[in-house]
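Open the model in your viewer and keep the selection tool ready. The stops follow below.

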Amino acid sequence: MTALAAVTILLPFLAAVAGMLGGPRLSRALRPRPRTASPVTPEPAAEPAAEPAAEAGPDDVTLVLVPLPDGADGAGRPVEPASGVEPVEGVQPVEGGGPRAPKRSWRESAVLAEHSPLRNGPALLACLPVAAALVLAAIVAAASWSARGARTGTLAVIPTGAVPVRVGLQVDDLAAVTGLMVCCVALAVQLYSVAYLAKDPRYSSYAAFVSLFTAAMLLVVYSRDLIVLYTGWEVMGVCSYFLIGHHWEDRANSRAAVKAFLVTRVGDAGFLLGILVLGASARTFDIRGVLAAAPHLPHTTLVVAALLLLAGVAGKSAQFPLHTWLPDAMAGPTPISALIHAATMVAAGIYFVARLYGVFALDALPLAVLGLLAVVSMVGAALAALAQDDLKRVLAYSTISQLAVMAAGLAVGARDAALFHLLTHAAFKALLFLAAGCVILAAGSNMLRQYGGLRRRMPVTFWSMTVGFAALAGVPLTSGWFSKDAVIEAAQHAALHGDELPAKYREFTAETAGGPNVAFSDLHPLISPGIAWIIYIGLLLTVALTAAYAARAWLMTFFGEYRGEGDPVEAPKLMSWTVAVLAVPAALLGFAGLGKEELRPHVGSALLGLVLLLAGAAAAYLLWNRDPAADPARALGRVRFVLLDGFGVDAAYHLLIVRPVFAASRFVAAFDGRGIDALVVGTARAARRTAGRLRLPREGDPQVYLTGVLTGVVVIAALVVVFS
């Protein structure tokens, strides 16, 4: 089984290498050759008809064949849409078509891309290996579920002089289901991107980085060694930098990429230290070995290591205070936003806590810190989502909030419920982002104020996105309702009963945690009832806020009168059908949890959640219904500007960190120039002046040298005569 997992990781990695090196060449090889002119005398010229479009390699810019004027080359040479199609007046270039592609040209290229996929080299290299990896991940998952227990394998052992590093994999239920989720979302993103980025001249590198991103996340999922896991963790950070800054011509995009890279690096510094402390104390980096040794480690060492690891988790999973990079990361192409938010990067932090849950659960402090950060993140991000104008930023803050719901579940001991919400969130958040891309393609804008009335123009996107918003808000019987209710029920138990949590929340076994059988009751207690109450209240408030901002975005996008320009229509089939397929797990995945008692709905928490859901959605509807052309967020008044700015956290960081660092940098530069450099330059000048004086007797004149010798002889002779 570990061999299949290794091949599952290797396939997207090889796809990335092949896409970088040979994607455009494969497109040129698959492209049909132009027809040669016939030697037979041609018949009288007739009005040339438009030839069918041919798909070109994305790195060579997708080309469209257009009617040729009289006297043109009879071979039917393709002409770029940028010169053959006039831009739509009043419509700005949009992201999926590159920085200079007009909306109509982008759309035509997207439609053409789905008609000739076998001639698109980068698309073949991106989609086929990921599809094969999905099949293998499904086989691994089926084998893991049929034969319970962890399977491990080691490829090599790297001696370090202290603690060895085992290059190997581990497959258990947690890794199997997460790996399957990653491959499903990655394949959906790759298929969708074929049409969405059909006009992008750098599609080949984009697809290759998406494949590398997928391979890195799979390495994190299947790894059995913390150092190997950290390798995949950092490769994801590098890939996110390149993908967020894909359209680097726009300075805002490049700045967003740098910001994401630097903010996550801050957390990763603590993450690496935590791994080293944990591995050095346990004398192994093997995850099962660490979990087995964790109960015997010194208390201080264990707590420090867990808190350092939480720094990396907060950075990767965009939790307060390292969450500010995620909304700005929306500058990247929409499909990569779906991949980051649903299946990679931000999911990695939650997955890591679940993987090493035996370390975090040995003391109440790490779980309490995780729970409090989760409350701040879930409520603050939900409030910020209420005020956003940009549809993608609404979804970005939604991701921060939903990841915090998972972190809250882990904090109260509901590990299975948190992982269940991770899976359902992957389904409906991938759906929402890809559906948002369809809306952006149709309307040519990210702004909610330029939408409206799209339900009749885009029926597939409308119904699919309706399912996604319903799952996000937790409408009963959707996937999000099942998983969110399980987390709320666990928080309610922790708040009301404290240390009397039932065994289903308090125990983990070798099959689920990768370590020895340990009962939490035999160790330190979970978080205190006071912290549990804060988490529980935060979850309930988040339910109402989520329903409100989801209803606002849904109403402003699909109802009322269309407020944008042009005549939007349904997205190309390769995009809309991908979104429609994702609507199925977003609607039905929750029923998969009915087999476990702790994941089944509970009447009390379900009814309370439904009341809060209806309250939040009704408030958004009543405000929207007063004036469907206006934004319901106007009711927030001046508070909206605070929420729109994310509570000014970025401004606070700029004031407290960026400006002092810049001031210190200027001081260091000035001190270096006027102090260190001046000392070095002054020493050099003094040496030159001294050398200038010393070289005067040695000017190279023989007469001077002879005079000096004679003078010396006379002086020496005189001294001899005098003193003798």
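**Stop 1**

Select Arg265 and Asp268: their side chains meet in a salt bridge, 2.4 Å from N to O. A salt bridge here is a side-chain nitrogen of Lys or Arg within 4 Å of a carboxyl oxygen of Asp or Glu. This is a predicted model: local features need pLDDT of at least 70, side-chain atom pairs count only at pLDDT 80 or more, and totals for chains, interfaces and linings use all residues. Residues are numbered from 1 along each chain as its sequence is written, and side-chain values use heavy atoms, leaving out hydrogens and water.

Arg265 and Asp268 sit three residues apart in helix H8 (residues 251-282), so about one helical turn separates them. Helices are DSSP runs of H or I, at least four residues, numbered from the N terminus. Both Arg265 and Asp268 are buried (under 20% relative accessible area; exposed is over 50%, partly exposed in between; 1.4 Å probe, protein chains only).

**Stop 2: a link to a loop**

Select Asp416 and Lys596, whose side chains form a salt bridge of 2.7 Å, N to O. Asp416 is in helix H17 (residues 415-443), and Lys596 is in the loop between helix H24 (573-588) and helix H25 (603-626), 180 residues away. Lys596 is partly exposed, at 36% relative accessible area.

**Stop 3: an enclosed helix**

Select helix H6, where 18 of the 20 residues are buried, so the rest of the structure largely encloses it.

Note on methods:
Helix = DSSP H or I, 4+ residues; strand = E, 2+ residues; numbered from the N terminus.
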